[in-house]
Amino acid sequence: MAREQLQVLNALDVAKTQLYHFTAIIIAGMGFFTDAYDLFSISLVTKLLGRIYYTNLNKEKPGTLPPGISAAVTGVALVGTLAGQLFFGWLGDKMGRKKVYGVTLILMIVCSLASGLSFGSHAKGVMATLCFFRFWLGFGIGGDYPLSATIMSEYANKKTRGAFIAAVFAMQGFGILTSGIVALIVSSAFDHAYGAPPYNQSVAARAASTVPQADYIWRIILMFGAVPAALTYYWRMKMPETARYTALVAKNARQAAKDMAQVLNVELEAEEEKLEKMAEKPANSFGLFSREFAKRHGLHLLGTTSTWFLLDIAFYSNNLFQKDIFSAIGWIPPAKEMNAVHEVYRVARAQTLIALCSTVPGYWFTVAFIDVIGRFWIQLMGFFFMTVFMFALAIPYDHWREKPHRIGFVIMYSLTFFFSNFGPNATTFVVPAEIFPARLRSTCHGISAAAGKAGAIVGAFGFLYASQPTNKKDADPGYPAGIGIKKTLIVLGCVNALGMLFTFLVPEPKGKSLEELSGENDDDGTELQAGAPYRTAPEA
């Protein structure tokens, strides 16, 4: 049947790139800046938390977080994020994108501040309240994933939609980079102001190596995450609801035309009668748990959830535990050879270099090429090179640990970040915001993102234990023997190879309108089929 399109939606599809596009990228992107800052800043301070609250001065090594505490501090925000993605994704389709958008930002601001104000001075009290607030911080962060992606996809034109959604996600790279820079500045200032000896200088130096003022460092680093979120709250509330939600979900063609006429500075007809006819079509009525959805989009959803799940196992393992990998190869000195504040500086410096040289460029390569190469090929290529570099690191791992070859290891390790971001880390975020119907778009993106966070939890908790040395005597205190970093990297390489296979379930949305992709305006459901990246919907 001939495809009908509302004038307001067609105007969005063919609109030239304008100021409102960039405004939307910044407003939505600053949420992702905050998301990444908050999720990854914790990895910069976990070693410091171990020194402050768990050091036994009778031992030769400074304290580290016990296994259960470390897993909770690192992973609780991911659990909150998973819950938030499901809840706010569903709520975004029920109440509207804009109504829910401010709630997630308020949660992020309040809980970022509260994370740094964790109550008490004893380990149990501090860790319990830190985990509590980081769970709710993650809950707010989770809501930002489906809402930001959906809002940007519904505002964008079809020619550069991929680049716009990817640009929102690319702000994550700047968030990771900024977390490292803030940690560098704060730790450097405290290190100069309160000089302390290395832990192993003498028995007397063990207590002096962690100055009392170090307790402020992790609090300042975590609390800074509230700043960018607070700066964008006003502008987020000023954004009008997306025309696709207002017209296709709320069924208010007049309001959609009015809102977008102001945004686009053009005259638009409401077309209420056309909307009523479109609403009666079978393609615009089936639900998420219907047979029709399974027939049309079941493989799509399997593709987006599985690839995001597999990607995040490797991505979060690498990001959250950079410090452990760099320590293992000797790029960061042993903890006992540094004071507590200087250790934060060294960990932050390593993370900042990786972010600056590989993470951030990878995101923006995706922005530049996603509407040229297409989502499918970028994702397939990214998984392929992540697999190659993981195996290249793992198989000759003992070679890389030798001092002359450490820089080679860091370069190869950086390339895994580059191709994850110029690859599936960006595309798994973009595609779910394009291929599902408007009434289910936020929900399906939330489900896909939640699958990713399930993978992140597997990566975060699994890597923590699996990467321990095979000899229990060499493992960190409280940890059982693991399979070692070498075998762990091999496992991650296999996970990336699986990601390549599941990529074939994901369709190619490049150059198509959202309604063409989802088949919303058709009776016969001619949306793009899974497993055929080049197959396009038949023209009217």
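In helix H1 (residues 7-14), the buried residues are Val8, Leu9, Ala11, Leu12 and Asp13, where buried means under 20% relative accessible area, exposed means over 50%, and partly exposed lies in between (1.4 Å probe, protein chains only). Helices, here and below, are DSSP runs of H or I with at least four residues, numbered from the N terminus. Among the elements that cover the buried residues of H1 are H2, H5, helix H10 (243-249), helix H11 (253-264) and helix H22 (514-518), with contact taken as heavy atoms within 4.5 Å.

The model is predicted, and local features need pLDDT of at least 70, side-chain atom pairs count only at pLDDT 80 or more, and totals for chains, interfaces and linings use all residues. Residues are numbered from 1 along each chain as its sequence is written, and side-chain values use heavy atoms, with hydrogens and water left out.

## Packing of H5 against H6

Two packed helices are described by the angle between their axes and the distance between the axes. For helix H5 (residues 123-155) and helix H6 (residues 161-193) the angle is about 150 degrees, and the axes lie 9 Å apart; the axes are lines fitted to C-alpha atoms over the stretch in contact, and the angles run from 0 to 180 degrees between N-to-C directions. H5 is therefore roughly antiparallel to H6, given that angles under 35 degrees count as roughly parallel, over 145 as roughly antiparallel, 65 to 115 as roughly perpendicular and the rest as oblique. On the H5 side, Tyr145, Ser148, Met152 and Ser153 meet Arg161, Phe164, Ile165, Val168, Phe169 and Gln172 of H6. The residues of this contact of H5 with H6 comprise six nonpolar, three polar and one charged, where Ala, Val, Leu, Ile, Met, Phe, Trp, Tyr, Cys and Pro count as nonpolar, Asp, Glu, Lys and Arg as charged, and the others, Gly among them, as polar.

Ser148, which belongs to helix H5, counts as buried at 0% relative accessibility. Apart from neighbours within four places in sequence, Ser148 is in contact with Ala28, Phe32, Tyr101, Val168 and Arg236.

## Other partners of H6

H6 also packs against helix H8 (residues 214-223), their axes coming within 10 Å and crossing at roughly 155 degrees, which makes H6 roughly antiparallel to H8. Here Val182, Ala183, Val186 and Phe190 of H6 meet Tyr216, Ile217, Ile220 and Ile221 of H8, and the residues of this contact of H6 with H8 divide into eight nonpolar, no polar and no charged.

With helix H2 (residues 19-54), the axes of H2 and H6 come within 6 Å and cross at roughly 40 degrees, so H2 and H6 are oblique to each other. The contact of H2 with H6 brings together 18 nonpolar, eight polar and no charged residues.

## Nonpolar cores

Which residues touch the most other members of the largest nonpolar core? Of its 110 residues, these are Tyr145, Met260 and Phe429, a nonpolar core being a set of buried Ala, Val, Leu, Ile, Met, Phe, Trp, Tyr and Cys residues joined through side-chain atoms within 4.5 Å. Not counting residues up to four places away in sequence, Met260 touches Val8, Leu12, Tyr155, Pro240, Glu241, Ala243, Asn265 and Leu268. A second, separate core of 35 residues includes Leu48, Val126, Trp218 and Ala340.

Lys512, in the loop between helix H21 (484-502) and H22, is buried, with a relative accessible area of 11%. Although Lys512 and Arg161 are 351 residues apart along the chain, their C-alpha atoms are separated by 9.4 Å.

Gly455, in helix H20 (residues 438-466), is buried with a relative accessible area of 0%. Gly455 and Asp312 are 143 residues apart in sequence and 5.1 Å apart in space, C-alpha to C-alpha, and Gly455 touches Phe309, Asp312 and Ile313, not counting residues up to four places away in sequence.

Note on methods: Helix = DSSP H or I, 4+ residues; strand = E, 2+ residues; numbered from the N terminus.
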